[in-house]
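These are my notebook entries on one protein structure, written down in the order in which I looked things up.

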Amino acid sequence: MRAPAPAFAADLNSDTIEAATAALGSTLIGAVDQVGEVALYVEREAIVTALTALRDTPGLEYQQLMEIAGVDYPSRPERFEVVYCLLSLTRNHRIHIHVATDDVKPVPSVTGIWPVAGWLEREVYDMYGVLFTGNADLRRILTDYGFRGHPQRKDFPLSGYVELRYSEEEKRVVYEPVQLAQDFRSFDFMSPWEGAEYVLPGDEKGMLPQAKGAPTPLKAADIVKADKADSAAAAPKAPSEPYAKEDAKSTAETGKGDAHPGNRAEEKPIDPDVKPGKGGGQNQ
């Protein structure tokens with residue numbers, strides 16, 4: 001081992017491209033260095049030879065297959081790309097290898113190099129429909145039994161082709177063509193909170209500020225409050241006590257009440273219907 005913890009070096013990309021070009025030779029279609037990552041484009045038939053060279057060549061040493069991903073480009077003659085993500089433990093460096101294909105031309109399986117590729121190739125086959133020759137167990141792995149189509153293709157409908165339900169008549173799960181209600185057939189991906197290009201039903205009520213207390217969809221910053229809209233000069237100055245007279249002298253006229261009420265007899269009028277108790281009061 002060269003070091004206890006290999007450190008990543010930013011200048012490894014240029015050295016990797018030179019070493020990979022020399023190791024792969026004519027099987028390499030192109031090599032690019034974008035966003036700090038190296039991508040190699042290899043001939044489809046030579047993918048096993050290319051990956052073996054990247055694993056065993058000194059100076060490259062990509063020992064681990066981390067992932068196999070699929071990409072769909074419907075406008076290309078070979079619409080699919082199979083991307084192999086490799087990791088070099090000794091160099092602490094990652095690399096991507098791209099292979100172009102379609103739904104007819106198979107890609108050689110790399111299960112002979114990394115057995116874990118069996119599961120990863122099944123995922124690409126299930127999601128995109130890419131075929132792999134040499135995979136002994138190329139079956140669907142993510143979708144259900146009897147699933148039609150490949151969900152990650154760009155032309156696959158979001159609702160799918162069929163839907164399943166439990167039939168009480170047949171006492172089993174049945175598959176039926178997708179039937180969308182009329183409300184769900186047209187989709188509007190414009191968020192009304194971000195501002196649509198058209199007026200949504202009900203938005204015409206919020207074009208102008210409304211009276212105080214009326215419901216409005218306007219933002220708080222756009223609302224002209226009714227209290228500020230009134231002119232201070234037009235409104236009479238309210239007294240300190242809203243229900244008091246200016247020349248009030250007693251608590252009955254001010255409505256404020258006594259600040260220190262006492263236990264006076266006149267505060268509790270005598271009710272003739274209530275019989276006095278033993279103490280002389282009205283309460284039993």
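**Entry 1: a proline in a loop**

I began with Pro-115, which is exposed, with a relative accessible area of 67% (buried means under 20% relative accessible area, exposed over 50% and partly exposed in between, with a 1.4 Å probe and protein chains only). Before going on I noted that this is a predicted model, in which local features need pLDDT of at least 70 and side-chain atom pairs count only at pLDDT 80 or more, while totals for chains, interfaces and linings use all residues. I also noted that residues are numbered from 1 along each chain as its sequence is written, and that side-chain values use heavy atoms, with hydrogens and water left out.

Pro-115 sits in the loop between β6 and α3; helices (H or I, at least four residues) and strands (E, at least two) are DSSP runs, numbered from the N terminus.

**Entry 2: the chain as a whole**

I counted five helices and nine strands in the protein chain, and reading along the sequence I wrote down the pattern α-β-β-α-β-β-β-β-α-β-β-β-α-α. The chain has 284 residues, of which 26% count as buried. Of the contacts with a separation of 6 or more, 43% come from residues 24 or more positions apart, where contact means heavy atoms within 4.5 Å.

**Entry 3: salt bridges**

How many salt bridges does a search of the whole structure find? The search finds 13, a salt bridge being a side-chain nitrogen of Lys or Arg within 4 Å of a carboxyl oxygen of Asp or Glu.

I looked at the pair Glu-78 and Arg-44, whose side chains meet in a salt bridge at 3.4 Å, N to O. Glu-78 lies in the loop between β3 (64–72) and β4 (80–88), and Arg-44 in the loop between β2 (37–42) and α2 (47–56), so the pair ties together parts that are 34 residues apart in sequence. Glu-78 is partly exposed at 24% relative accessible area, whereas Arg-44 counts as buried at 12%.

Next I turned to Arg-79 and Asp-155, whose side chains form a salt bridge at 3.5 Å, N to O. This pair links distant parts of the chain, since Arg-79 is in the loop between β3 and β4 and Asp-155 in the loop between β7 (132–133) and β8 (162–167), 76 residues apart. Arg-79 is buried, with a relative accessible area of 15%.

Asp-126 and Arg-140 form another salt bridge, with their closest N and O atoms 2.6 Å apart. Asp-126 belongs to helix α3 (residues 117–128) and Arg-140 to the loop between β7 and β8, so parts 14 residues apart in sequence are tied together. Is Asp-126 buried or exposed? Asp-126 counts as buried, at 0% relative accessibility, while Arg-140 is partly exposed at 26%. I also found that salt bridges with shared partners join Arg-44, Glu-45, Glu-78 and Lys-105 into one network.

**Entry 4: a buried threonine**

Thr-101 is in strand β5 (residues 93–101) and is buried, with a relative accessible area of 0%. A polar atom of the Thr-101 side chain lies 2.6 Å from the backbone oxygen of Lys-105. Leaving out residues up to four places away in sequence, I found that Thr-101 touches several residues, including Arg-44, Glu-78 and Arg-79.

**Entry 5: one face of a helix**

In α2, I found that Ile-47, Ala-50, Leu-51, Ala-53 and Leu-54 are buried. Seen down the axis of α2, these buried residues fall within an arc of 160°, so they line one face of the helix (the arc is that of the directions from the helix axis to the C-beta atoms). The buried residues of α2 pack against α1 (12–24), β2, β4, β5 and β6 (107–108).

Note on methods. A polar contact is a pair of N or O atoms within 3.5 Å; within protein, one must be able to donate a hydrogen and the other to accept it, and residues adjacent in sequence count only if both atoms are side-chain atoms.
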